[in-house]
Amino acid sequence: MYRCIRSVLSNHSRHVLCKTGYTGTDGAGCVVSANKFGGSCTAHTADTKGSCEDANALCSATTGGTCSACKTGYTGTNGAGCVADNKIGGACIGAADTKASCEDANALCTSSLCICKAGYDGSAGGTCTKIADNTFGGSCTTATINTKGTCVDANAECGPALTGGFCTCKATYDGYSGSGCALANKLGGKCTTMTKGTKGTCESAGAVCSMQVDGRCVMSGAKAVVASVTSLVLACIVCLLAIN
């Protein structure tokens with residue numbers, strides 16, 4: 001099974017880009033990278049770790065095998081690895097959309113996997129952390145559903161309730177936990193690139209794309225430092241002028 005994510009135009013030709021954990025070639029599709037969970041592997045003995053990257057994954061055969069299973073008590077995700085059951089991203093047992101067997105107090109058992117409830121965010125195997133109120137994904141209040149309400153970003157909307165709602169982004173804008181909303185390829189917005197850490201589809205001067213697929217346009221290290229120092233210098237000048 002393969003999964004083709006999208007392509008970007010580069011040098012007047014289109015190239016396949018795959019999400020993290022997958023690799024692909026032009027004219028074909030995206031497949032799970034070798035030694036990732038779901039990818040090909042080799043092992044001296046079948047059903048041992050072999051060349052699988054995850055310490056809790058098992059390679060199905062000595063040659064031509066696949067990292068297709070996890071040790072007992074772990075659940076695997078293609079392109080990623082194995083996560084302990086009842087941890088974020090791991091398997092759970094119990095009533096749907098309740099804490100059930102999930103260990104984290106802010107997790108819900110949804111489709112037999114532990115995920116963070118609304119207003120919280122966490123990575124696989126980690127913990128659910130509260131998203132700052134009034135930022136993307138955080139809680140908010142509003143007088144009218146699907147208007148800005150108390151959300152900080154001008155392009156955010158609070159809903160689906162007057163109280164106890166959460167900040168999302170207007171159509172054509174994207175956001176990520178604890179941040180704001182931005183248009184694709186603008187600073188803070190989604191982008192794609194053939195090489196991680198290069199400009200890719202980012203339009204802002206000095207910005208680079210953080211990942212090949214579903215990356216974010218961020219300022220490159222040098223540019224970010226210059227911008228920070230410039231802001232500090234300007235602030236000092238304003239203070240000195242105020243004193244004089």
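The paragraphs below lead through the nonpolar cores and the strand pairings of this predicted model.

The largest nonpolar core is made up of nine residues in all, namely Phe 37, Cys 41, Ala 43, Cys 52, Ala 57, Cys 59, Cys 67, Cys 70 and Cys 82. At least two residues of this core come from strand S6 (57–59), and at least two come from strand S7 (65–70). A second, separate core has eight residues, among them Cys 92, Ala 107, Cys 116 and Cys 128. In soluble globular proteins, nonpolar side chains tend to be buried together. Returning to Cys 41, its contacts, not counting residues up to four places away in sequence, include Cys 52, Cys 59 and Cys 67, as well as Asn 35, Ser 51 and Thr 66.

Another group of three strands forms an open sheet with antiparallel pairing, in the order S19-S21-S20. Because strand S19 (190–191) and strand S20 (207–209) stand at the edges and each has a single partner strand, one side of each is left without a neighbour in the sheet. The pairing of S19 with strand S21 (residues 215–219) extends over two bridges, and Cys 191 stands opposite Gly 215 in S21.

Conventions: Residues are numbered from 1 along each chain as its sequence is written. This is a predicted model: local features need pLDDT of at least 70, side-chain atom pairs count only at pLDDT 80 or more; totals for chains, interfaces and linings use all residues. Side-chain values use heavy atoms; hydrogens and water are left out. Two strands pair if DSSP finds at least two bridges between them. Helices (H or I, at least four residues) and strands (E, at least two) are DSSP runs, numbered from the N terminus. A nonpolar core is a set of buried Ala, Val, Leu, Ile, Met, Phe, Trp, Tyr and Cys residues joined through side-chain atoms within 4.5 Å. Buried means under 20% relative accessible area, exposed over 50%, partly exposed in between (1.4 Å probe, protein chains only). Contact means heavy atoms within 4.5 Å.
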